[in-house]
Protein chains: 4
Amino acid sequence: MTNEQYHDLIQPYESAGQMMRTRLDTLNKNLYCKTTVSPIHNILYRTKSKRSIEKKLEKMGHSDSVQNAKDYLKDIEGIRVICYFIDDIYNLVNALRRQSELIVIKEKDYIKNPKKSGYQSLHLILEVPVTLQEETQWMKVELQLRTAAMDYWANLDHELRYKKTEKEIGEVDEALRQCADVIRTLDLRMLEIRKKIASM
Amino acid sequence: MTNEQYHDLIQPYESAGQMMRTRLDTLNKNLYCKTTVSPIHNILYRTKSKRSIEKKLEKMGHSDSVQNAKDYLKDIEGIRVICYFIDDIYNLVNALRRQSELIVIKEKDYIKNPKKSGYQSLHLILEVPVTLQEETQWMKVELQLRTAAMDYWANLDHELRYKKTEKEIGEVDEALRQCADVIRTLDLRMLEIRKKIASM
Amino acid sequence: MTNEQYHDLIQPYESAGQMMRTRLDTLNKNLYCKTTVSPIHNILYRTKSKRSIEKKLEKMGHSDSVQNAKDYLKDIEGIRVICYFIDDIYNLVNALRRQSELIVIKEKDYIKNPKKSGYQSLHLILEVPVTLQEETQWMKVELQLRTAAMDYWANLDHELRYKKTEKEIGEVDEALRQCADVIRTLDLRMLEIRKKIASM
Amino acid sequence: MTNEQYHDLIQPYESAGQMMRTRLDTLNKNLYCKTTVSPIHNILYRTKSKRSIEKKLEKMGHSDSVQNAKDYLKDIEGIRVICYFIDDIYNLVNALRRQSELIVIKEKDYIKNPKKSGYQSLHLILEVPVTLQEETQWMKVELQLRTAAMDYWANLDHELRYKKTEKEIGEVDEALRQCADVIRTLDLRMLEIRKKIASM
């Protein structure tokens, strides 16, 4: 893939991401009535770098052509949504499912079923319409939704694995998994407190 | 209008503005083929303040109710698009007119017909769909398109009129109008140079 | 305090805050050698609103004059620094203490000694030089440093207390305190894992 | 120069640029008393890319080592300041010269003496102190100051020269120079109007 091909490839993905973040902002302001706090703590996003695209295609056993990137990669544009509480995540996802201009083509719920490492998040692949000059294209965007506590764990997990060997990671894997359990408990307790207050 | 009413009033307008800027960004990247420079130099925007809304309604002879703001004001959300060349402005407007998700409800061309003061810009009132919880609302957004030279004049004109009396302005009015003429000539000459180069 | 007085009051504080954030950014890039991850996760900041200044002065039993705000308030400009690990916080504070252009005039360590509610953070009051037209003024800036886990708790605690009565809070106080303990344990465990990896 | 060497090279330059922009912001708010509009319209900046650094060193006949970049390049970090009026530019430069924490090591005044192409701007090379872990380094930063009208011309000039041959440019050179003259006249007339109003 040349630099120019990469540049052309990602342009509509970036537009789709921007459109999607606009929709999330709007939802954040309107999902709950005024008496409750808005569900989203903050939103992060990135477009996959040329090098990451090439690496991932290679790992999948495909050549790094533009067409293969479009066909096989679902996370060229990625958005991370950090929520306050677990139920905010599901409320947001339900609202997105009701929007007729979006299509949810895949969902993986690592909150209900965490990864072996302890990783928790809800992953969605969406298709989002982008109006170019003459036509409308539907672009794939990956959405990761998690609470701030899950994000805390994922960040530290990433920091600790950064430039480490398999063996080194192996020796702390169990400790990391236990921390993930603690965070799970924490999120559930916080949610209980919220529900208790709401019912007062 | 209470602070809370103002806050509720502007929310969907702000979402419409954000959506509109996303559309403009996408157009900016796709309006011309790769060999030409993109048409937009930069984009500014603002939501009308509570005080400006109240003042304007008063000036129009209406009470400052939320309903009156919705009914009579067309510039609660305003976007300013600064373009490189005059023809970029018209190319953008034509592309917006082709987008089925937008409605142009009003157009005033102060480039073809400058205001008496010398002011030049193209003004559009658009209606933009915003997806809230359950329904889609069409919100009015004002678009002002101008070249950087027109913007230069408008900024200085505004600076110079700032906190000045009618009489003081009167004494420099003619000089400002002449400067507007110079800018008009400048924009046309620059456009000629562009066309000459394009035809080489 | 008039709006104009407020505007003039906060200007040098905002400049001091901006200067301080620039220093933190520079430290973040240079505190550790290249092999380690940088200490700061993200930085938030705010300037105290006119209303908050007036309320706080009233609560302290002072009239809301500009002079009283300058004399009695130490948090007109506030910066929150979210770190990855507890030791990053202390490393940053030590580096700030070494900078000759800053003066630390107060330190409260709510990490070593959490508040009764469970709140944890390290608070510093600094004096930062700001170069205005002719002279240099030393402005107070409040710095709050905490881990992402402490920030998670503080956010949820704030959300849950939002618009609630004393009695309602009372019924969940103990549960919130227990969550703060869980977070304390979590931060220490994560730090242990980091140290274990560093020593490999 | 490897990617990593480039990354390490630019870090203190970026910090110096950020510090310099903070100083400009502070000056902008304090240069004039309240009755007048602030001098700066907007600020742009960029760090020279790896490829531009290598190209420029090659053109100068030097190898692309990190040391050569530090020794021979004065514009690794560049800031562009767009002002409203010509005299704002000189007032800002005078204020910068009075700041004891900055050293002006070079000045080129292309406003008094425009380039042959018609290009106008005031260029400064400054040295700015950056506090790293243990020591303070003085980094070079290039400042370009111009009015919005000069910036308009420079942008269009750049657009028109973009991907064009020498011969093509040659055929419009004279026309571009004439436009620069028009802009020169415009800036002076606008300044006259300002002075007239100020003296009322």
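Analyst: A residue counts as buried under 20% relative accessible area, as exposed over 50%, and as partly exposed in between. The model is a predicted one. A:Ile103 has a relative accessibility of 37%, which lies between those limits, so A:Ile103 is labelled partly exposed. Patch members need over 30% relative accessible area and no salt bridge. A:Ile103 is one of the residues of a nonpolar surface patch of about 260 Å², together with A:Ile105 and A:Trp138. Its place in the chain is strand 3 of chain A, residues 103-109.

The whole structure, over all chains, has four aromatic pairs. One of them joins A:Tyr110 and A:Tyr119, whose ring centres are 6.1 Å apart and whose planes make an angle of 65°. Planes over 60 degrees apart count as edge-to-face, so the pair of A:Tyr110 and A:Tyr119 carries that label. Both of these tyrosines, A:Tyr110 and A:Tyr119, are buried. In chain C, C:Tyr110 and C:Tyr119 also form an edge-to-face pair, at 6.1 Å between centres and 65° between planes. C:Tyr110 and C:Tyr119 are buried as well.

Rings also take part in contacts with charged groups. A:Arg21 sits over the face of A:Tyr45, 3.4 Å from the ring centre.

Salt bridges come next. Over all chains, the search finds 60 of them. In chain A, A:Arg177 and A:Glu174 are joined at 2.9 Å, N to O. These two residues are three apart in helix 6 of chain A (residues 166-198), and therefore about one helical turn separates A:Arg177 from A:Glu174. In general, an α-helix has 3.6 residues a turn, so residues three or four places apart point the same way. A:Arg177 is partly exposed because its relative accessibility is 27%, and A:Glu174 is partly exposed because its value is 42%.

Chain C has a bridge between C:Glu174 and C:Arg177, also 2.9 Å from N to O. Both residues belong to helix 6 of chain C (residues 166-198), with three residues and about one turn between C:Glu174 and C:Arg177. C:Glu174, at 44% relative accessibility, counts as partly exposed, and C:Arg177, at 26%, gets that label too.

A bridge in chain D links D:Arg146 to D:Asp151 at 2.9 Å, N to O. D:Arg146 has a relative accessible area of 3% and is therefore buried. D:Asp151 has 8%, so D:Asp151 is buried too. Back in chain A, A:Arg46, A:Lys48, A:Lys56 and A:Asp75 are connected in a network of salt bridges.

Notes. Residues numbered from 1 in each chain as written. Chains lettered and ligands numbered in written order. Predicted model: local features only at pLDDT ≥ 70, side-chain atom pairs only at ≥ 80, totals over all residues. Heavy atoms only, no water. Phe/Tyr/Trp six-rings, centres within 6.5 Å; stacked < 30°, edge-to-face > 60°. Buried < 20%, exposed > 50% of the residue type's maximum accessible area, 1.4 Å probe, protein only. Lys NZ or Arg CZ within 6 Å of the ring centre and 35° of its normal. Patch = residues over 30% accessible without salt bridge, like charges linked within 9 Å, V, L, I, M, F, W, Y side chains within 5 Å. Areas by Shrake-Rupley, 256 points an atom, 1.4 Å probe, with all protein chains shown as cover. Salt bridge = Lys/Arg side-chain N within 4 Å of Asp/Glu carboxyl O. Helix = DSSP H or I, 4+ residues; strand = E, 2+ residues; numbered from the N terminus.
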